[in-house]
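This report covers a pocket, a helix and a helix contact in one structure. Please look over the sequence and the model before reading on.

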Amino acid sequence: MLNELIFLCHSALVASTALLLLWFGTAGLTAGICLFSILSNLLVTKQITLLGFETISTDVFTIGAVFCLNLLQEHFGKAAAKRAIYCSFALLLIY
């Protein structure tokens with residue numbers, strides 16, 4: 001039960017961070033996508049148990065990156081979302 005509580009608190013923190021990054025505009029959301037992508041790659045080997053299932057702890061960061069990408073596309077258009085994807089891909093290659 002403790003893992004589920006930590007997961008829900010972590011999800012709320014990542015979602016509120018994404019909404020806060022919306023206040024900074026395209027640069028903030030692009031930075032959020034890059035940050036969440038790199039963090040999800042850092043923690044990919046950490047396994048946890050949620051509701052009886054074995055899962056990895058990067059799910060929250062992956063969902064956060066997709067949430068930032070959706071916010072970016074809805075508020076600033078498809079071109080800004082493409083630039084953020086390219087920036088995130090370049091940083092993941094460097095990482």
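Which element gives the largest share of the lining of the largest pocket? In this predicted model, that share comes from helix 1, with four residues.

**The pocket**

The volume of the largest pocket is about 160 Å³. Two elements, helix 1 (2-22) and helix 3 (59-76), each give two or more residues to its lining. The lining consists of Asn3, Ile6, Phe7, His10, Leu43, Ile48, Ser57, Val60 and Phe61. The table sorts this lining by class.

| Class in the lining of the largest pocket | Count |
|---|---|
| Nonpolar | six residues |
| Polar | three residues |
| Charged | no residues |

**Helix 2**

Helix 2 spans residues 26-42, 17 residues in total. From its first C-alpha to its last, helix 2 reaches 24 Å, close to the 24 Å expected at 1.5 Å a residue. Its buried residues are Gly28, Leu29, Thr30, Gly32, Ile33, Cys34, Phe36, Ser37 and Ser40. Helix 1, helix 3 and helix 4 (78-94) are among what covers the buried residues of helix 2.

**Helix 3 and helix 4**

A packed pair of helices is described by the angle between the axes and the distance between them. For helix 3 and helix 4, the angle is about 150 degrees and the axes are 7 Å apart. Helix 3 makes the contact through Leu69, Leu72, Gln73 and Phe76, and helix 4 through Lys78, Ala80, Ala81, Ala84 and Ile85. By class, the residues of this contact are seven nonpolar, one polar and one charged.

Terms used: Residues numbered from 1 in each chain as written. Predicted model: local features only at pLDDT ≥ 70, side-chain atom pairs only at ≥ 80, totals over all residues. Heavy atoms only, no water. 1 Å grid on protein atoms, 1.4 Å probe; cavity = no way out; pocket = protein on both sides within 12 Å on 5 of 7 lines; lining within 4 Å. Points joined across faces, edges and corners; volume = space filled by probe spheres on them. Nonpolar A, V, L, I, M, F, W, Y, C, P; charged D, E, K, R; others polar. Expected span 1.5 Å × (residues − 1). Buried < 20%, exposed > 50% of the residue type's maximum accessible area, 1.4 Å probe, protein only. Contact = heavy atoms within 4.5 Å. Axes fitted to C-alpha atoms, helices over the stretch in contact; angles between N-to-C directions.
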